[in-house]
Amino acid sequence: MSAAGVALMLGGAGILLAASPAQAAEVSYATECIPPPISGLPPVQGTTKVQITAPAEAKVGDEVEVVWKTVEAASKNPDVLDLEKDTVKPTGTITVGGAASGELKMEGPRQNPPIPKNSPMVLPDMKGKLKLEKAGDITLTPGAYNINVSKPLSTDTKCSPKAAVQPGVTIKVTEGGGSTTGGTTTSGGTTSGGTTTTGGTTTSGGTTSGGTTSGGTTSGGTTSGGTTGGGGGQTDFEGKEISVAYACKTPIGDKNAVSPVQINAKKNGGSYDLTVKFSKSVMDSPADIPANSVKPSMEVKLGGADKGTVHVEGPLNKDPIKSGEPMTIPDMTGTYKPGATGKATLAPGVFTVKALGTTTTCTPPGNVAFSLELDTAAQPGGASGGTSSGGAASGGAGSAGGAGTSGGLAQTGAEDNGALRALALVAGTVILLGGAVFTFTPWRRLRGLSR
């Protein structure tokens, strides 16, 4: 047989389908969607409108293509974050009924235009191929579907019908060539971008929502300063652990958190090597965090005899952090070169975390207590009136505390790890892109309830 003849045989089914009239029908059904666990959002309700397209007629042995077009998504993209181009991928399931039974897995490419905040979702068409192996009328009914958003974290929103769904289309299958063994074989659709997932599946997304925290920015109580340094040849100075009521600006809004912070120093010539520690900072990660994606830093606030700030920073996370595994804020280090002679105080300052293309900034109250006090001798190019080790100048910020100065901070009801629940946001793990895909409850109302 000639090559042309072989090609004609192999393409026979396609020729048949091209000649067969196509049909399309729209179906609407009530839907419940489960946002990613990291969003902390409850199940939400909406309506899905789907158009199913398939041949009106076919023969036993044919393999037909079925197309799922999302006419109207169950929700707009909330007023939280813009979704980038080609970051959204749908998968779904069509129930096969009538003369056959089974489920047809549908799959779309990771292909979408940029989707601004507070605008309709635009999802690519999903496709699947159905092998017809029995004569009769076969119905196709849309069902559950899953929406995956790939950036900055891979998150899933899974949606399922909440009531009986009417069939979309019916294919009339007549006897012809091919197998008559009965049943229907289904296969997943093809995709032109990104890794594929079967319809209706979803990643766990984490074990904590990280969305709200107790605590706040109230001040009160008194604490004396940290360890007084200098004299007697001492080189290591341990600061006092203090509770800091941070006010954080996160990618999803403002959050308050209380966290214990300690500043230690080691004398190195005329300068001091600083180490800033967040104690009791272990929490479970609410999502998978890639390696080398989280970078913390702080501007330690100088007071007393000295003025300005000292920049300290921690390392990138060298290993991935799996969802549900403990995560900590690593120690941050930097060098303090005194700019004045006398008793200088060091207090926690502005804390910043850059993660996965986002920045979260946490600011302590103006009267935060100092953690450490040092007897210093001015050094050329020191920090007085400016900055040290690259930190941003505080512009002559007043004393963060001195011997006998008040400024301790109350926990205001926060748990020991309450701050780190907020620092899940700080770590950039709760970006809520998954929740942004199908979040039916108005975002501002949800934020109001979380406070």
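Reader: What does Lys162 form a salt bridge with?
Author: With Glu32, and the closest N and O atoms are 3.7 Å apart. A salt bridge here is a side-chain nitrogen of Lys or Arg within 4 Å of a carboxyl oxygen of Asp or Glu. Keep in mind that this is a predicted model, where local features need pLDDT of at least 70, side-chain atom pairs count only at pLDDT 80 or more, and totals for chains, interfaces and linings use all residues. Residues are numbered from 1 along each chain as its sequence is written, and side-chain values use heavy atoms, with hydrogens and water left out.

Reader: Where do Lys162 and Glu32 lie?
Author: Lys162 is in the loop between strand E11 (155-161) and strand E12 (169-174), while Glu32 is in strand E1 (residues 22-34), so the pair ties together parts that are 130 residues apart in sequence. Strands (E, at least two residues) are DSSP runs, numbered from the N terminus.

Reader: How many salt bridges are there?
Author: The count comes to nine.

Reader: OK, what about Asp236? Which residue does it form a salt bridge with?
Author: Lys266, with the closest N and O atoms 3.2 Å apart. This pair links distant parts of the chain, 30 residues apart: Asp236 sits in strand E14 (residues 236-237) and Lys266 in strand E16 (residues 253-268).

Reader: Switching topic: is Lys85 buried or exposed?
Author: Exposed, with a relative accessible area of 52%. The cut-offs are under 20% for buried, over 50% for exposed and partly exposed in between (1.4 Å probe, protein chains only). Lys85 also meets Asp86 in a salt bridge (2.9 Å, N to O), and Asp86 is partly exposed at 30%.

Technical notes:
Helix = DSSP H or I, 4+ residues; strand = E, 2+ residues; numbered from the N terminus.
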